[in-house]
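Please have the viewer open as you read.

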Amino acid sequence: WVMELGISLPHDMGELGPIAQPDMAIVHNIGPAHLEGLGSLENVADQKSSLFKYIRPEGKALCCKDHELLWNAANKISKPVPFSSQDENAEYYSTLLHTLPDGSGRFLIKAGEETAEVILPTCGSHFAENAAAVTCAAHQLGMDLTEIAERLATVELPKQRFHCHTHGKWTLIDDSYNANPLSMNRAIETAKRIADDRPLVLVLGDMLELGEEAGCAHCDLGSKIAETRPDATFYHGKHYSEVASQTNGSTLVPVKQPIEFLNGIHELGLSDAVVLFKGSRSCHMEDYFYALNNDINGENEGDKT
């Protein structure tokens, strides 16, 4: 089984770990998520790495070495096998080499002294961390790098997880499953890379469960929008004012319903664009994605007839 152990409160891992008792445990990264329950980034690192306490005898711990707090916490518990998307000298390593026009990317993967290249259905540089983790896990389980590359080439991203949909000249990115400051920044950066010279529209919702950090996190999001300079941003949620306070004149439109967003994007008069949809789970940003997706498909069908 490949399972995700999701935690949001102290000692959640203490309940899940003894049930899972994994033969292999992988901790990818840490970020300012679930701070409402976990309190600080240090606590996130401690709680995530505590999974390594519950590995079965002769089991393996795998950890990304790129996050210092996490790496230090993990090494207090075990001697994990490291992987990296930043240290090219690491035994297991991956990096984005090239962005392709359809939003996919050519990645390098490395295991020991061997390297291979593979095309994955995303050009997000942060997905190199996932590719490095997969390479590390599969190689530790006995697969050679050639087979790992062949299997990675067949990967399809699940719905709502930075899933790119192409309709003519439109590219809709459904990343609506969830959001935190780290994943939000990375999604915006990747959408900007995909857009290149094309118009970029952001359709964003609140990032929740951040506790006392919520206000600052949404102000930082406003700064990120200002830095990115999209053609427009539509925002759904109670943190609109914090985001708007830092957008420095960038177009930020509050919306409560998908129809408001549809009317707004129609007013922009775009014939093509890259549109990113992202927010925390309870914001249901997929409703905004489906509204535009269905609208564009209707238009395309009408053109054909």
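Asp87 is partly exposed, with a relative accessible area of 23%; buried means under 20% relative accessible area, exposed over 50%, and partly exposed in between, using a 1.4 Å probe and protein chains only. This is a predicted model, in which local features need pLDDT of at least 70 and side-chain atom pairs count only at pLDDT 80 or more, while totals for chains, interfaces and linings use all residues. Residues are numbered from 1 along each chain as its sequence is written, and side-chain values use heavy atoms, with hydrogens and water left out.

**Salt bridges between loops**

- Asp87 forms a salt bridge with Lys65, and the closest N and O atoms are 2.9 Å apart; the term asks for a side-chain nitrogen of Lys or Arg within 4 Å of a carboxyl oxygen of Asp or Glu.
- Side chains of opposite charge can pair when their charged atoms come close.
- By this rule the count comes to eight salt bridges.
- Lys65 sits in the loop between β2 and α4, and Asp87 in the loop between β3 and β4 (92–99), so this pair ties together parts 22 residues apart in sequence. Helices (H or I, at least four residues) and strands (E, at least two) are DSSP runs, numbered from the N terminus.
- Lys65 is partly exposed too, with a relative accessible area of 31%.
- Another salt bridge joins the side chains of Asp272 and Arg198 (3.9 Å, N to O).
- Asp272 belongs to the loop between α10 (258–267) and β12 (274–278) and Arg198 to the loop between α7 and β9 (200–205), so the pair ties together parts that are 74 residues apart in sequence.
- Asp272 counts as buried at 17% relative accessibility, whereas Arg198 counts as partly exposed at 25%.

- Three strands form an open sheet in the order β1-β2-β3, with parallel pairing; two strands pair if DSSP finds at least two bridges between them.
- At the edges are β1 (24–27) and β3 (81–83), each of which pairs on one side only.
- From one strand to the next, the twist averages 20°. Axes are lines fitted to C-alpha atoms, for helices over the stretch in contact, and angles run from 0 to 180 degrees between N-to-C directions.
- Strand β2 (residues 60–64) runs parallel to β3 and is joined to it by three bridges.
- Within β3, Pro82 stands opposite Cys63.
- Helix α4 (residues 68–75) packs on the sheet and touches β1, β2 and β3, its direction making about 160° with that of β2. Contact means heavy atoms within 4.5 Å.
- Helix α5 (residues 127–140) also packs on the sheet, touching β1, β2 and β3, and its direction makes about 145° with that of β3.

**The α7 and α8 helices**

- Helix α7 (residues 181–195) and helix α8 (residues 214–228) have axes that come within 11 Å and cross at roughly 10°.
- That makes α7 roughly parallel to α8: angles under 35 degrees count as roughly parallel, over 145 as roughly antiparallel, 65 to 115 as roughly perpendicular and the rest as oblique.
- On the α7 side, Pro181, Met184, Asn185, Ile188, Glu189 and Lys192 meet Ala217, Leu221, Lys224 and Thr228 in α8.
- By class, this contact has five nonpolar, two polar and three charged residues. Ala, Val, Leu, Ile, Met, Phe, Trp, Tyr, Cys and Pro count as nonpolar, Asp, Glu, Lys and Arg as charged, and the others, Gly among them, as polar.
- The side chains of Lys224 and Glu227 meet in a salt bridge (3.6 Å, N to O).
- Lys224 and Glu227 are three residues apart in helix α8, so about one helical turn separates them.
- Lys224 is buried, with a relative accessible area of 9%, but Glu227 counts as exposed at 58%.

**Positive phi angles**

- Asp196, although not a glycine, has a positive phi of about 55°. Asp196 is found in the loop between α7 and β9 and counts as exposed at 57% relative accessibility.
- Arg229, another residue other than glycine, has a positive phi near 55°. Arg229 has its place in the loop between α8 and β10 (232–236) and is exposed, with a relative accessible area of 66%.
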